[in-house]
Amino acid sequence: MKKSMIGWSFIILSVFMIGLFYFYPMLRAFILSFQSGSGNNLEFIGFANYTRLFSDPVFITAVQNTVLYFLIQVPVMLILALFFSVLLNDRTLKGRGFFRIAIFLPCVTSLVAYSVVFKYMFGADGFINVMLLNFSLISEPIQWLTNSFWAKVTIIIAITWRWTGYNMIFYLSALQNIDPAIYEAARIDGASAFTQFFRITVPMLKPIILFTSIMSTIGTLQLFDEVMNITGGGPGNATITISQYIYNISFKYTPDFGYAATVSYAIVVMVVFFSIIQFKVAGDKNA
């Protein structure tokens, strides 16, 4: 009993703070999702907010956009991160320390700062269009920010640029823990580099790949900063995400915190749904 009390004395403050600032807000948000009104003038309305979701065209558009970002950007980003990690794990590569830093550097830059830079780069007269015109790859400037298709492409490019290096670090760390003797034995047996990658590297990185895919899923489903600062959700809600819609409901439109909380829990459901799918695809028996 004495040892137990000593142990709890070390963690009780942390447990209290986590409960106060993490679990309590989640519980309050869940209760709020069954209410409507502003300020202290809230009334219980049951499941009205949840039924409203299915007839809300802006919410449906936001879900479609967010899922599109997830389905395209996350696989591309993870494949690039895995490719760069394998490439930069080669001890014969000169300047690999520089390339590691260069690829990782975007993820430590300010979200707002890099979003503003991308907004200017992909403007009608921005750097990207100037370069494409100079190389005669296009005949007229691409409307990256005002065309619904190209605006989505811009957002995908931006978040891929920022987070690829972040995931690369996880893969690179895991690769350095694989015994080189395994690859040496495979080479002696005549295994090609392609075979070694798919028969040794990928299976041994499976737990890390699963971890990064789930973390990337959570991050993409909560995407806000890039869309808010680069396109503002436009043109005509073509790039709006669920998180930005929550912000608009809470602070831009007439405040409706109850409905905003309901939309927030839609993200929770989507995260759980996609995470379970990823666990099943990965063959995790505990999923």
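**Entry one: a serine**

I found Ser250 in helix α12 (residues 242–252). Helices here are DSSP runs (H or I, at least four residues), numbered from the N terminus. This is a predicted model, where local features need pLDDT of at least 70 and side-chain atom pairs count only at pLDDT 80 or more, while totals for chains, interfaces and linings use all residues. Residues are numbered from 1 along each chain as its sequence is written, and side-chain values use heavy atoms, without hydrogens and water.

Is Ser250 buried or exposed? Ser250 is buried, at a relative accessible area of 8% (buried means under 20%, exposed over 50%, partly exposed in between, with a 1.4 Å probe and protein chains only). I followed its side chain to the backbone oxygen of Ile246, at 2.9 Å. Beyond its neighbours within four places in sequence, Ser250 is in contact with Pro255, Phe257 and Ala260 (contact means heavy atoms within 4.5 Å).

**Entry two: α10 and α13**

I looked at helix α10 (residues 206–221) against helix α13 (residues 257–282). They pack at about 160°, with axes 10 Å apart. Angles run from 0 to 180 degrees between N-to-C directions, and axes are lines fitted to C-alpha atoms, for helices over the stretch in contact. The two are therefore roughly antiparallel (over 145 degrees; under 35 is roughly parallel, 65 to 115 roughly perpendicular, the rest oblique). Among the residues making the contact are Leu210 and Ile214 of α10 and Phe274 of α13.

**Entry three: α4 and α7**

Helix α4 (residues 96–104) packs on helix α7 (residues 148–175) at about 135°, with axes 8 Å apart. That makes α4 oblique to α7. I saw Arg100, Ile103 and Phe104 in α4 meet Gly165, Tyr166, Met168, Ile169 and Leu172 in α7.

Terms used:
Polar contact = N/O pair within 3.5 Å; in protein donor to acceptor, adjacent residues only side chain to side chain.
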